[in-house]
Amino acid sequence: MKPQPLIAVNDIAASRHWYQATLGLASGHGGDDYEQLMAGDEMVLQLHRWEAHAHPHLGRADLARGNGVLLWFLADDFDAALRRVREADAEVLEGPKVNPNARHREIWLRDPDSYVVVVAGPYGDLGA
């Protein structure tokens with residue numbers, strides 16, 4: 001079993017562009033109501049427009065986004081990921097910083113819909 005998180009967004013095209021530019025993900029579906037974002041052949045995130053398809057359990061667009069939930073992405077090459085983040089001019093909440101417990105680097109971001117997105121290097125990539 002693998003997680004395939006789905007987040008509700010206001011504008012699929014704007015969110016798709018942000019995740020492509022900032023995280024290097026690719027479109028796996030396309031469309032104005034729903035998108036699958038891919039890392040290689042693996043779907044890692046789904047985007048769903050708030051008003052589309054009348055899903056009763058999607059949540060409410062007028063409430064805060066993702067309180068208590070972080071979208072956490074593991075980057076094989078943190079330096080390349082950091083370059084993408086900077087080139088995309090993404091809003092940085094914190095970092096880049098070293099997480100001493102995991103012995104890796106992290107950068108905490110805010111996406112266009114105010115979800116918190118963390119990009120982290122591989123565990124232990126800083127050595128002992």
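Trp-18 and Tyr-19 are both buried, where buried means under 20% relative accessible area, exposed means over 50% and partly exposed lies in between, with a 1.4 Å probe and protein chains only. The model is predicted, so local features need pLDDT of at least 70 and side-chain atom pairs count only at pLDDT 80 or more, while totals for chains, interfaces and linings use all residues. Residues are numbered from 1 along each chain as its sequence is written, and side-chain values use heavy atoms, with hydrogens and water left out.

Trp-18 and Tyr-19 also form an aromatic pair, with 4.8 Å from centre to centre and 75° between the planes, which is edge-to-face. Rings of Phe, Tyr and Trp (its six-membered ring) pair if their centres lie within 6.5 Å, and planes under 30 degrees apart count as stacked, over 60 as edge-to-face and the rest as tilted.

Both of these residues are listed among the buried residues of helix 1, together with Ile-12, Ser-15, Arg-16, Thr-22 and Leu-23. Seen down the helix axis, the buried residues fall within an arc of 165°, so they line one face of helix 1; the arc is that of the directions from the axis to the C-beta atoms. Helices (H or I, at least four residues) and strands (E, at least two) are DSSP runs, numbered from the N terminus. Helix 1 covers residues 12–23, and its 12 residues, at 1.5 Å a residue, should span 16 Å, which agrees with the 16 Å between its end C-alpha atoms; the expected span is 1.5 Å times one less than the number of residues. At the start of helix 1, a side-chain oxygen of Asp-11 comes to within 3.0 Å of the backbone nitrogen of Ala-13, and after the helix comes Gly-24, with a positive phi near 75°.

Another part of the structure is an open sheet of four strands, in the order 5-8-7-6 and with mixed pairing. Strand 5 and strand 6 (91–99) stand at the edges, each with a single partner strand, so one side of each has no neighbour in the sheet. Strand 6 pairs with strand 7 in the antiparallel sense over six bridges. Val-92, whose place is in strand 6, stands opposite Leu-109 in strand 7, and at 40% relative accessibility Val-92 counts as partly exposed.

Trp-72, at 37% relative accessibility, counts as partly exposed, whereas Trp-108, at 19%, counts as buried.

Conventions
Polar contact = N/O pair within 3.5 Å; in protein donor to acceptor, adjacent residues only side chain to side chain. Pairing = 2+ DSSP bridges.
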